[in-house]
Amino acid sequence: MRGINRVTILGYVGTDPELLVSKGGREYARLNVATKRSWKNREGQWEEETEWHRIQVWGMKAKLCCDRLKKGGVVLVEGHISTYKQEEEGKGVSRTSVVAEDVHFLPAPRAMVEKELREMA
């Protein structure tokens, strides 16, 4: 039986995307996307947790992400989870990221746009 490895993330871009080049010479963008999860604890109080997701976008989509996405932007990412080894301080470290297959740029919330307009004035 084959498994299913699908991820959909709707969140906010945490930093401006970076355009990088892999060891094989392919361009990719690295995004950090934040999502929030809410739940009621045993006392009935709401709690909230922010989760950060490491996203890789390859090829022409990578360039589009770097051109169109900025910190605070809203993005919908569809892709799959990938685990890889990375050299860090002389040691092989396992990393997990989402490899984007589709990236959708969404309009910023109205409050965010209004804040930017006030800062520009």
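A search of the whole structure, which is a predicted model, finds 6 salt bridges, and this tour stops at some of them.

Begin by selecting Arg30 and Glu18, whose side chains meet in a salt bridge with a distance of 3.2 Å from N to O. If you colour the strands, you will see that Arg30 belongs to strand S3 (residues 27–40) while Glu18 belongs to strand S2 (residues 18–21), so this pair ties together parts that are 12 residues apart in sequence. Now show the surface: Arg30 is partly exposed, at 30% relative accessibility, and Glu18 is also partly exposed, with a relative accessible area of 38%.

Next, select Glu48 together with Lys36, which form a salt bridge whose closest N and O atoms are 3.7 Å apart. Here the link runs between distant parts of the chain, since Glu48 sits in strand S4 (residues 46–58) and Lys36 in strand S3, 12 residues apart. Are these two residues buried or exposed? Glu48 counts as exposed because its relative accessibility is 52%, and Lys36 is exposed as well, with a relative accessible area of 60%.

For the last stop, select Lys61 and Asp102, where the side chains meet in a salt bridge of 3.7 Å, N to O. This time a helix takes part: Lys61 lies in helix H1 (residues 60–68) and Asp102 in strand S6 (residues 91–106), so the pair ties together parts that are 41 residues apart in sequence. With the surface still shown, you can check that Lys61 is partly exposed at 35% relative accessibility, and that Asp102 is partly exposed, with a relative accessible area of 35%.

Technical notes. Residues numbered from 1 in each chain as written. Predicted model: local features only at pLDDT ≥ 70, side-chain atom pairs only at ≥ 80, totals over all residues. Heavy atoms only, no water. Salt bridge = Lys/Arg side-chain N within 4 Å of Asp/Glu carboxyl O. Helix = DSSP H or I, 4+ residues; strand = E, 2+ residues; numbered from the N terminus. Buried < 20%, exposed > 50% of the residue type's maximum accessible area, 1.4 Å probe, protein only.
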